[in-house]
Amino acid sequence: MVDERPVQVVPGEQGELFPDASLPDELVGYRGPAACQIAGITYRQLDYWARTGLVAPSIRTAHGSGSQRLYSFKDILALKIVKRLLDTGVSLQNIRVAIEHLRKRGARDLAKVTLVSDGTTVYECTSPEEIVDLLQGGQGVFGIAVKVPMQEISGTIHEFPAERADGGEIDTVVPDELTQRRNARRTG
């Protein structure tokens with residue numbers, strides 16, 4: 001269950017993840033195998049989570065045998081967060097509530113959220129004070145700053161083939177120096 005306390009957001013508190021011009025395009029998506037690799041999950045997990053509605057593709061769902069799901073940046077972020085929460089022992093029921101709550105936020109808002117859990121309940125915190133309040137309860141907790149998986153995905157997503165839901169062309173991104181070095185290391 002996600003704590004529904006009123007959220008006070010201070011502009012620029014944790015910094016913005018995406019400048020205005022570089023927000024992920026909502027029509028650009030990634031097929032299932034790429035989404036799995038980016039999020040670090042198996043195809044079986046992806047398929048199960050899509051069929052049960054935990055994280056369904058928001059760009060294009062499967063329509064029978066042979067059709068391809070298309071996952072947005074935000075979908076892939078949700079997949080990565082689900083994986084991290086499962087790895088720490090949070091129940092699927094509580095993860096469903098947390099993910100549903102995160103779906104209501106825009107990309108900029110997500111960069112300011114830290115999910116904190118005591119293993120039973122998942123809380124959404126947007127300020128250091130909220131995190132301290134939870135820690136003062138005396139229980140052991142862990143946290144996931146949503147900005148971190150967002151940055152991880154942003155750093156690797158351009159290495160995977162993408163497609164537009166409207167069939168349009170995708171602007172090719174000139175890889176930065178770090179991406180070029182990673183690719184050179186992989187190819188030997």
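Q: What share of the contacts in the protein with a separation of 6 or more comes from residues 24 or more positions apart?
A: They account for 68%, with contact meaning heavy atoms within 4.5 Å. This is a predicted model, where local features need pLDDT of at least 70, side-chain atom pairs count only at pLDDT 80 or more, and totals for chains, interfaces and linings use all residues. Residues are numbered from 1 along each chain as its sequence is written, and side-chain values use heavy atoms, leaving out hydrogens and water.

Q: Okay, how many helices and strands are there?
A: The protein has eight helices and six strands, taken as DSSP runs (helices H or I, at least four residues; strands E, at least two). Along the sequence the pattern goes β-α-α-β-α-α-α-β-β-α-β-α-β-α.

Q: Switching to R69, where is it?
A: R69 sits in the loop joining α2 (43-51) to β2 (70-71).

Q: Is R69 buried or exposed?
A: R69 is buried, because its relative accessible area is 13% and buried means under 20% (1.4 Å probe, protein chains only). Of the protein's 188 residues, 36% are buried.

Q: Who does R69 touch, leaving aside neighbours within four places in sequence?
A: Its partners include Y30, R31, Y43, D47, P57 and R60.

Q: And α1 with α3, which residues meet there?
A: From α1, A35, I38 and A39 meet I76, L79 and K80 of α3. Helices α1 (residues 32-39) and α3 (residues 73-87) pack at about 50°, their axes 9 Å apart; axes are lines fitted to C-alpha atoms over the stretch in contact, with angles from 0 to 180 degrees between N-to-C directions.

How values were computed. Buried < 20%, exposed > 50% of the residue type's maximum accessible area, 1.4 Å probe, protein only.
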